[in-house]
Structures are given as C-alpha cells and as structure tokens.
Amino acid sequence: MSENRKGFWDEYRSTLKSEDTEETFDLMFYRPIGYIWARIARRLGVTPNAITIASIFLGVGAGVLFYFNDLWLNLLGVILLVWADSFDSADGQLARMTHQYSRIGRILDGLSGDFWFAAIYIAICLRENVTSEFFSAHHWVIWVMAVVTGICHGVQAAMADYYRQFHLFFVKGRDGSELEDAAEVWDKFHSLSWTRNFWQKVTLMFYANYTSGQQKRTPWMQRLRTILRSRYGEEIPVSFREKFRALSRPLMKYTNILSFNTRTFALFAAILIFRMPWLYFAFELVVLNALLVYMMWRHEKICRECVTELEGK
C-alpha cells in the first residue's frame, strides 16, 4: 500500500469516535461519505459549524417535501435527509481532523436534528390532516401524537448520546469524550453577562437544562461518577475502565438504534412503502420507547453493581 493511501486510511480512522460506538451502517455508508465531505471542507476552509448549519437547511427541506403525497417528491426528500445526515457526520469528522472542538459546536450539532424532525413532524401532521379521512375529521389527534412523539424523541436521543459519551469516557478519557457536568455548565452560564454574551448565555441555559435532565434520569450513574471522581480524580485504574467498558459495550447497539438510522428507516418505510406517515409516530411511541426503558434499566443496573463493588472495597 502506498504511503499516500495508507495516510488516507489512517486519517479516516482517526475521524471515527471509537469502534465500540460506531454503527455498522454508519461505517459502511455515512462515515466514508462524511470523511470525503470533511476533506473537501478542510481544503476550502469551511468550518464544522458551517457544515452543521448547511445540514439544517437540507433536513428542513426534506421535511417540506414529505408534506406532499407524491412518491417522487418524497424520494427527493429522502435524498435530502440522507445528504443532511452525511453533513452531520462530516461536521464531527472535520472537527476531529482539525481539532476545532467547541461546546457551541456540540450544541448546534444536537439542535440540527431537532430542526430536521420538527419540520418532518409538522409536514406529517399537515399531510395527514389532508389525506387521511380519520385525521381530517379529528385534526387534534395527529398533533397530539406529534407533540408526545417529539418529547419522547428528545429523551431518546439525549439518553442515547449520554450513554455513548459516558462509554467514550472509559475508552478515551475526558479528552476523547464530550461528557459534561451540569454544575460546570451552570457555572459557565452564571459567569457570563446578559448584556455582553446574550446569545451564548441563552444557548448555555438550554444546554444546562438538557444536561441536568440527563443527570436526573441516571441516579446510579451519578453516584458512580461521584465515587470515581472522589477516589481517583482523572486517573481511573485501567482495570476498572476495561471492566466498565466490557459491561457497557453491549448497550452501544441500543444507543445507535435510538439515534438516527433506525428511526429514518422506519420513517422512509412509513412514507414510501405504507404511504401512512403516522405509522412513524406509532413506531417511536411503542418500539423506541420500550427500547429506551430497557436501555436505561440495564445501564443503571450496571452502574449500581459498580457502585456496590467500589463501596465494598
């Protein structure tokens, strides 16, 4: 293998989060495409945040196209959403290539998916109110479904990301994880001025509440973090890191299912195959919520066992 080709693949591997947390379909499809976008962006001087903003426009455009009960326009919407997600992969890969990490970038990256799905949810509601006899007669039903699904979606994505970042903390340490502490985010929030840092302060307020919600849903994880911090600081023994990593690794497949690919496959099936977009809401409410509950129960059980072991020493 030539040096240039070897360098290409070495750099590509450096843009991945970790083998433990990467999803098979992402490795086969989105990560290679994202890496190509990232190399182009680096050459053109485009920042990760600019790519994220571009993905928002693509994702919202997909949502608009899903409003129409037209197969070809829906297929175009699928293409736009896949394009948006390739950009969503590229922004993180570019950040790792160029070391352009920032909390604002992480927040913006999380918000981009919210914009996509807000547009998609609204499009589904408006479409069902026009095309479905039942929803045309009961307008409020589909909107209630959308609101409840949106809330559940937010929790699913938040917890999947939180468990993934906690796992990466044991794999790569603090520098290789985006794991945050709500108290630190609130301290940063209070250190800013409303007059000089208005938008940054508003952003941090939402992010601090987001992080606080993650921590409130994971009491045993927080006890484990507290014990590890007080006993070891930043130097957690390798033996414990490897043990927790082995226990946590099987749950990473559930964090991936609750992220993007599985839900978009369900969305595409509901719109393109069954021609009943409301089925996507049903999938999120029943299947993904059940998976969320199971994942949280399993993870808290692991953390409780680790806490018991550490407290017994």
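Analyst: Helix 2 and helix 4 are oblique to each other, because angles under 35 degrees count as roughly parallel, over 145 as roughly antiparallel, 65 to 115 as roughly perpendicular and the rest as oblique. This is a predicted model, where local features need pLDDT of at least 70 and side-chain atom pairs 80 or more, while totals for chains, interfaces and linings use all residues. Residues are numbered from 1 along each chain as its sequence is written, and side-chain values use heavy atoms, without hydrogens and water.

User: At what angle do helix 2 and helix 4 pack?

Analyst: Axes are lines fitted to C-alpha atoms, for helices over the stretch in contact, and angles run from 0 to 180 degrees between N-to-C directions. Helices are DSSP runs (H or I, at least four residues), numbered from the N terminus. Here helix 2 (residues 24-44) meets helix 4 (residues 71-98) at about 60°, with the axes 7 Å apart. Contact means heavy atoms within 4.5 Å; among the residues making this one are Gly34, Trp37 and Ala38 of helix 2 and Ser86, Ala90 and Gln93 of helix 4. By class, the contact has 13 nonpolar, 5 polar and 4 charged residues. Ala, Val, Leu, Ile, Met, Phe, Trp, Tyr, Cys and Pro count as nonpolar, Asp, Glu, Lys and Arg as charged, and the others, Gly among them, as polar.

User: How are helix 5 and helix 13 oriented to each other?

Analyst: They are roughly parallel: helix 5 (residues 103-131) and helix 13 (residues 261-273) pack at about 20°, with axes 13 Å apart. Phe117, Ile120, Ile124 and Arg127 in helix 5 meet Arg263, Thr264, Leu267 and Ile271 in helix 13. That contact divides into 5 nonpolar, 1 polar and 2 charged residues.

User: How many cavities of 30 Å³ or more does the structure hold?

Analyst: On a 1 Å grid over the protein atoms alone, a cavity is a set of points where a 1.4 Å probe fits but cannot get out; a pocket is an open set with protein on both sides within 12 Å along at least five of seven lines, and lining residues have an atom within 4 Å of a point. The structure holds 1 such cavity. Helix 9 (residues 198-216) gives the most to the lining of the largest cavity, with 4 residues.

User: Which helix gives the most to the lining of the second largest pocket?

Analyst: Helix 10 does, with 3 residues. By class, this lining has 5 nonpolar, 1 polar and 6 charged residues, including Arg174, Asp181 and Glu184.

Definitions and conventions: Helix = DSSP H or I, 4+ residues; strand = E, 2+ residues; numbered from the N terminus. Points joined across faces, edges and corners; volume = space filled by probe spheres on them.
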